[in-house]
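Welcome to this guided tour! Open your viewer, get your selection tool ready, and follow along stop by stop.

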Amino acid sequence: MTTHPLVTEPSDLIDFDDLLSASELELRNQVREFVQAEIKPYIAAWYEDAHFPLEIVPKMAELGLLGMHLDGYGCAGRSAVEYGLAGAELEAGDSGLRTFVSVQGSLAMSAIHKHGSEEHKKQWLPAMAAGKAIGCFGLTEPTAGSDPSSMTTFARRDGEDWVLNGTKRWIGLASVAQVAVIWAQTDGGIRGFVVPTETHGFTATPIEPKLSMRASIQCEIEMTDVRLPADAVLPGVVGLRGPFSCLNEARYGIIWGAMGAARDAFEDALAYAQTRMQFDKPLAGYQLTQQKLVDMALEINKGFLLALHLGRKKDAGTLDLHQISVGKLNNCREAIAICREARTILGGNGITLDYSPLRHANNLESVRTYEGTDEVHTLILGNKLTGVPAFR
Ligand SMILES: Cc1cc2nc3c(=O)[nH]c(=O)nc-3n(C[C@H](O)[C@H](O)[C@H](O)COP(=O)(O)OP(=O)(O)OC[C@H]3O[C@@H](n4cnc5c(N)ncnc54)[C@H](O)[C@@H]3O)c2cc1C
């Protein structure tokens, strides 16, 4: 078995690392080291202050984490499994930081990489991979979340130009982004637009206060007569296939990320149980506590195995879309349950920011909601099992 001095995973009961290659382990360990040094010591303060640490973006870029699964244009060209492993480590730090990498790489950069013109790619992707430009992805609206086809943002032609009007809500990073990919209705169906955020008529206002994802930014975007040149439109795609192709990338990352948060919560609870004395012996010495820890560890082991299986299929090009729903639904649901159970072991101390489980659980409320809610993924799987769509 490959070993590394950094690797201490008390929840691992199955030698999971035996399933990873040397280069996968190396990347995973690099990201773990980064999270230990650059995120964990500061995350409680960032969370309390509702601060998104823009200052660590250059270091993430140096590690090749931005658009890491994309090829060319300064991107690292890593595999789906490597992307997942990195996501799990980042989310062990905080869901807000994994979300940043996901919005930047899987949503904004993927949209440009998959559907943009050569000019869009050359203009934005190298800068975004280097962390010099931040991107956001505007799909959701105040009255169009689970059903994005009901969006009302509209792009009309005015001569050669496009003119955008509408409101987007819950858009990650919009107030610090240089570029927004905005999805809008047109006379010819839903299209994506590459919008420099300095364009006149574009404003982004952070949504505050939040009880979840406090170390990250989500905004409401208002667009009033935002005038764009003809070539602002993404030429490669028409219809909801465009945004969904990017959401599937982000959903895949969540399968790993959620288990990273769960693992971190478990580790806090285990360490606490081993030292906290109750009735003259450590809390870890009671059967009820051991049952909690064992149940958590089993789900963490299974969750990572599922993530790895789906990642290997993604790399082989054999991953079906409903399988992403299997992973997203299961791993978010189990991760929230694990974090809440971990909190009980910490007793009253578990409600402070000195420990990670409740912060992770609160973050995961967002993670289970974005990129398709539990209900949406249940309906996708219900359709797969029964052949009867029940969305409407
Ligand atoms: C932290 C955070 C970050 C986000 N980042 C982004 C981003 O960067 N870009 C972006 O475009 N969006 C983003 N979102 C938006 C996110 O994708 C939406 O919140 C999500 O799609 C759900 O939409 P909604 O909030 O409007 O809820 P709704 O769609 O109104 O859902 C409300 C409830 O109804 C349920 N429901 C919906 N349809 C059905 C049905 N047919 N049957 C049964 N139940 C149903 C839902 O599951 C949910 O429980 C983000 C959200 C959050 C919280």
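We will visit a pocket, a pair of helices and some cavities. Keep in mind that this is a predicted model.

**Stop 1: the largest pocket**

Start by selecting Gly145, Thr369, Tyr370, Glu371 and Gly372. Of the 42 residues that line the largest pocket, these are the closest to its centre. The pocket around them has a volume of about 1200 Å³.

Which element gives the most to the lining of the largest pocket? That is H5, with 5 residues.

**Stop 2: where H5 meets H7**

Keep H5 and H7 on screen and hide the rest. Their axes come within 9 Å and cross at roughly 150 degrees. Angles over 145 degrees count as roughly antiparallel, and H5 and H7 are therefore roughly antiparallel to each other. The crossing of H5 past H7 is right-handed.

Next, show the side chains at this contact:

- On H5, select Arg98, Ser102, Ser106, Leu107, Ser110, Ala111, Lys114 and His115.
- On H7, select their partners in the contact: Gly242, Ser245, Cys246, Leu247, Glu249, Ala250, Ile254 and Gly257.

By type, the residues of the contact of H5 with H7 are 6 nonpolar, 7 polar and 3 charged.

**Stop 3: the largest cavity**

Bring the whole structure back. How many cavities of 30 Å³ or more does a search of the whole structure find? There are 3.

For the largest cavity, select Glu9, Phe16, Arg28, Arg32, Leu85, Ala88, Glu89, Trp256, Arg263 and Phe304, which line it. Helix H1 (22-39), helix H4 (80-93) and H7 each give two or more residues to this lining, and H4 gives the most, with 3. The space inside has a volume of about 60 Å³. The lining of the largest cavity divides into 5 nonpolar and 5 charged residues, with no polar ones.

**Stop 4: the second largest cavity**

Finish by selecting Glu9, Ser11, Asp12, Ile14, Phe16, Ile300, Asn301 and Phe304, the lining of the second largest cavity. About 50 Å³ of space lies in the second largest cavity. Its lining has 4 nonpolar, 2 polar and 2 charged residues.

Definitions and conventions: Residues numbered from 1 in each chain as written. Predicted model: local features only at pLDDT ≥ 70, side-chain atom pairs only at ≥ 80, totals over all residues. Heavy atoms only, no water. 1 Å grid on protein atoms, 1.4 Å probe; cavity = no way out; pocket = protein on both sides within 12 Å on 5 of 7 lines; lining within 4 Å. Points joined across faces, edges and corners; volume = space filled by probe spheres on them. Helix = DSSP H or I, 4+ residues; strand = E, 2+ residues; numbered from the N terminus. Axes fitted to C-alpha atoms, helices over the stretch in contact; angles between N-to-C directions. Parallel < 35°, antiparallel > 145°, perpendicular 65-115°, else oblique. Left-handed = near helix turned anticlockwise from the far one by under 90°. Contact = heavy atoms within 4.5 Å. Nonpolar A, V, L, I, M, F, W, Y, C, P; charged D, E, K, R; others polar.
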